[in-house]
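The model comes next, followed by the dialogue.

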Amino acid sequence: MTNAHIRNIITPVKKITLQASFIQAYFFADKGAANGLDARERISLLLDCYSGVLSGKQRDSLELYYNEDLSLSEIAEQTGITRQAVSELIKHGTERLEELENLLHVCENGFKMRYAAEQILARSDDPVLVSAARELIGE
């Protein structure tokens, strides 16, 4: 591989990194619904990334609340616990998800990687890069 070939790969990757930083700001900055995901969508994404580290009750309550759009009363009735207990599970589970993302950045980095792989697929003719990008996004 020549230096020119390497430069042709590195320059677009630098641009992709800058664009991925925009994605990070869009998806994970606390800007409100007008500029990015609303709180429910954000927690739903975090739940996809980190649900395995929550207790079963926290995970179930968060799934029902954020993904199934059930009320606290409906969740309490369905799970056989009090509305207050459901509220506490959701509060502590949400805090745990935010804490994990702030420490580990799994969701954020996943978005960055997927975006970079999609950009490589769209812009590169190099079969090695294309193959690696496809593997990253599961094609």
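**Reading the model, feature by feature**

Q: Is H105 buried or exposed, or in between?

A: Buried means under 20% relative accessible area, exposed over 50%, and partly exposed in between, with a 1.4 Å probe and protein chains only. At 30% relative accessibility, H105 counts as partly exposed. H105 lies in the loop between α5 and α6, and its phi is near 60°, a positive value in a residue other than glycine.

Q: What kind of model is this, and how are residues numbered?

A: This is a predicted model, where local features need pLDDT of at least 70, side-chain atom pairs count only at pLDDT 80 or more, and totals for chains, interfaces and linings use all residues. Residues are numbered from 1 along each chain as its sequence is written, and side-chain values use heavy atoms, with hydrogens and water left out.

Q: Where is D69, and what is its phi?

A: D69 sits in the loop between α3 (56-67) and α4 (72-79). Its phi is near 60°, a positive value in a residue other than glycine. D69 is exposed, with a relative accessible area of 55%.

Q: How do α2 and α5 pack?

A: Two packed helices are described by the angle between their axes and the distance between the axes. Helices are DSSP runs (H or I, at least four residues), numbered from the N terminus. Axes are lines fitted to C-alpha atoms over the stretch in contact, and angles run from 0 to 180 degrees between N-to-C directions. Here α2 (residues 39-50) and α5 (residues 83-104) pack at about 70°, with axes 10 Å apart. The two helices are therefore roughly perpendicular, a term for angles of 65 to 115 degrees.

Q: Which residues in α2 and α5 meet?

A: Contact means heavy atoms within 4.5 Å. R42, I43, L46, L47 and Y50 in α2 meet T94, L97, E98, L100, E101 and L104 in α5. The side chains of R42 and E98 are joined by a polar contact of 2.7 Å. R42 is buried, at 14% relative accessibility.

Q: Which cysteines form the disulfide?

A: A disulfide is a pair of cysteine sulfur atoms within 2.5 Å. The structure holds one, formed by C49 and C107 with their sulfur atoms 2.1 Å apart. The pair links distant parts of the chain, C49 in α2 and C107 in α6 (residues 106-123), 58 residues apart. The link is right-handed, with 135° about the S-S bond. C49 is partly exposed at 34% relative accessible area, whereas C107 is buried at 4%.

Technical notes
Angles under 35 degrees count as roughly parallel, over 145 as roughly antiparallel, 65 to 115 as roughly perpendicular and the rest as oblique. A polar contact is a pair of N or O atoms within 3.5 Å; within protein, one must be able to donate a hydrogen and the other to accept it, and residues adjacent in sequence count only if both atoms are side-chain atoms.
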